Amino acid sequence: MTIKKLGRRRFLQYLAVSTGTAVFGSADAHHTDTHFEDDSKHHVVYQLNKADPTYISHILFSAGEMLRKYGDDVEIVIAVFAEGIHLLGKRPLRPIPPELQQRASSLAAYGIAFHACNNTMQAIHWTKKDIVDYAKIVPIGVDDIMLLQEKGFSYISW
């Protein structure tokens, strides 16, 4: 990956997300279905339902900032459905920049959960083998958001 290829701004964004946690110290959020036996003080669920790169970038950046600020004291779920599902595709059917896929993978490695809507997956004829390994498949994306809200998650939507 070169600066010329990505452009300076994009390179710096990629670099910040890729190395930011190392600079600020380890911030391992919990990464389970819902880890209420080891409860965090804060719970956030982001809605990601569009394939627009700028939109996705904002959500991933915000989730990363929450993780950096609260570390182990926050549980973050990104509920992915509709056109947003392509972020989690091994071979997206809509154009998703590779750097966004890498950012999502990096955030998942630091404990941010990505929930993939099975209804959306069925609509585009995807199965578990079509999505990234770190994604958890939930039956209905909106139902997942509702259930998480009922368990105390704050709902964030762009």
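**A charged pair and its helix**

Author: Let's start with Glu 65 and Arg 68, which form a salt bridge whose closest N and O atoms are 2.8 Å apart. That term asks for a side-chain nitrogen of Lys or Arg within 4 Å of a carboxyl oxygen of Asp or Glu. Bear in mind that this is a predicted model, where local features need pLDDT of at least 70, side-chain atom pairs count only at pLDDT 80 or more, and totals for chains, interfaces and linings use all residues. Residues are numbered from 1 along each chain as its sequence is written, and side-chain values use heavy atoms, with hydrogens and water left out.

Why does the pair fit on one helix? Glu 65 and Arg 68 are 3 residues apart in α3, so about one helical turn separates them. Helices here are DSSP runs of H or I with at least four residues, strands are E runs of at least two, and both are numbered from the N terminus. Glu 65 is partly exposed at 35% relative accessibility, and Arg 68 is partly exposed too, at 24%. (Buried is under 20% relative accessible area, exposed is over 50%, and partly exposed is in between, using a 1.4 Å probe and protein chains only.)

Now the helix itself. α3 covers residues 53-70, and its 18 residues should span 26 Å at 1.5 Å a residue; the end C-alpha atoms are 26 Å apart, which agrees. The expected span is 1.5 Å times one less than the number of residues. Just past α3, Gly 71 takes a positive phi of about 55 degrees.

Other parts of α3 are hidden: the buried residues include Tyr 55, Ile 56, Ile 59, Leu 60, Ala 63 and Leu 67. What covers the buried residues of α3? Among the covering elements are β1 (42-48), β2 (74-80), α4 (98-109) and β3 (113-117).

Several of those are strands, so here is the sheet, going by at least two DSSP bridges for a pair. It is open, has 5 strands in the order β4-β3-β2-β1-β5, and the pairing is parallel. At the edges are β4 and β5 (154-156), each pairing on one side only. From one strand to the next, the twist averages 25 degrees. α3 packs on this sheet, touching β1, β2 and β3, and its direction makes about 170 degrees with that of β1. Such angles run from 0 to 180 degrees between N-to-C directions, with axes fitted to C-alpha atoms, for helices over the stretch in contact; contact means heavy atoms within 4.5 Å.

Back to charges: how many salt bridges does the whole structure hold? A search finds 4. One of them joins Glu 83 and Arg 94 at 3.6 Å, N to O. Both Glu 83 and Arg 94 sit in the loop between β2 and α4, 11 residues apart. Another brings Asp 133 and Lys 90 together, with the closest N and O atoms 3.9 Å apart. Asp 133 lies in the loop between α5 and β4 and Lys 90 in the loop between β2 and α4, so this pair ties together parts 43 residues apart in sequence. Asp 133 is exposed, at 65% relative accessible area, while Lys 90 is partly exposed at 46%.
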